[in-house]
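Subject: Handover of a structure and findings

Dear colleague,

Please find below the sequence and the structure that I am handing over to you. A summary of the findings follows directly after them.

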Amino acid sequence: MSEHWIRLLVKYKGKCAVCRKEIPQGEYALWSRTSKAIKHIKCDAAAATTVTAATSTTAAAEEAKTASAAAAAAKEGEGLKCFICGRAAGCTECALEQDCDRPRVSQACICNECMAAKDVYANYQQAFLSRMAKVKMHSAGMST
């Protein structure tokens, strides 16, 4: 699994995984959900410039592919779907993106388009009831 670094505002001081120096509260840094590590933005930039000449072309091509995939994932809301319509939730445009705990709320995300609808709560209720009916049908089918 590739490591994806998220830029965030540090809420609690931490130690950089690259230089081992403190990252103070209130500073922007990069955080990895997979490794639960944090690093200075400047350390990430420094690490990128220390690639040897022999591997720089291959590494640059691989990094460009990774950056392109990360940009596409961000554009698609990192794969999270709107609970109501099923389209991409659009995490990068979400006002709650900075504080979002995606694994916990991913099933409850609502895209901006659905959120702007006049009857958003009724639409949410309908989507919920529809899913509950499917679960009920599925569990009834398993018990017979």
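In what follows, a residue is called buried if its relative accessible area is under 20%, exposed if it is over 50%, and partly exposed in between, with a 1.4 Å probe and protein chains only. By that scale Lys39, at 9% relative accessibility, counts as buried.

Please note that this is a predicted model, in which local features need pLDDT of at least 70 and side-chain atom pairs count only at pLDDT 80 or more, while totals for chains, interfaces and linings use all residues. Residues are numbered from 1 along each chain as its sequence is written, and side-chain values use heavy atoms, with hydrogens and water left out.

Overall organisation

The chain has five helices and five strands; these are DSSP runs numbered from the N terminus, with helices (H or I) of at least four residues and strands (E) of at least two. Read from the N terminus, the order of the elements is β-β-β-β-β-α-α-α-α-α. Of the 144 residues in the chain, 17% are buried. The chain exposes about 10600 Å², of which carbon and sulfur atoms supply 59%; accessible areas come from the Shrake-Rupley method with a 1.4 Å probe, and for residues only the protein chains shown count as cover. A contact means heavy atoms within 4.5 Å. Among contacts with a separation of 6 or more, 42% are between residues 24 or more positions apart.

Lys39 is located in strand E5 (residues 37-40). Leaving aside residues up to four places away in sequence, Lys39 touches Trp5, Cys16, Ala17, Val18, Ile23, Ala29, Leu30 and Asp44. A salt bridge here is a side-chain nitrogen of Lys or Arg within 4 Å of a carboxyl oxygen of Asp or Glu. Asp44 itself is partly exposed, with a relative accessible area of 29%.

How many salt bridges does the count come to by this rule? The count is three. In another of them, Lys13 pairs with Glu22, with the closest N and O atoms 3.9 Å apart. Lys13 is exposed at 60% relative accessibility, whereas Glu22 is partly exposed at 47%. Glu113 also forms a salt bridge, with Arg87, at 3.0 Å between the closest N and O atoms. Glu113 belongs to helix H4 (residues 112-115) and Arg87 to the loop between helix H2 (53-75) and helix H3 (102-105), so this pair ties together parts that are 26 residues apart in sequence. Glu113 is exposed at 58% relative accessibility, and Arg87 is partly exposed at 42%.

Nonpolar residues

The largest nonpolar core consists of six residues: Val10, Cys16, Ile23, Ala29, Ile38 and Cys43. Such a core is a set of buried Ala, Val, Leu, Ile, Met, Phe, Trp, Tyr and Cys residues joined through side-chain atoms within 4.5 Å. Not counting residues up to four places away in sequence, Val10 touches Ile23, Pro24, Gln25, Gly26, Glu27, Ala29 and Ile38.

On the surface, Leu9, Tyr28 and Ile41 form a nonpolar patch with about 240 Å² of accessible area together. Leu9 lies in strand E1 (residues 5-9) and is partly exposed, with a relative accessible area of 35%. Patches are made of residues with over 30% relative accessible area and no salt bridge; like charges are joined within 9 Å, and nonpolar side chains (Val, Leu, Ile, Met, Phe, Trp, Tyr) within 5 Å.

With kind regards
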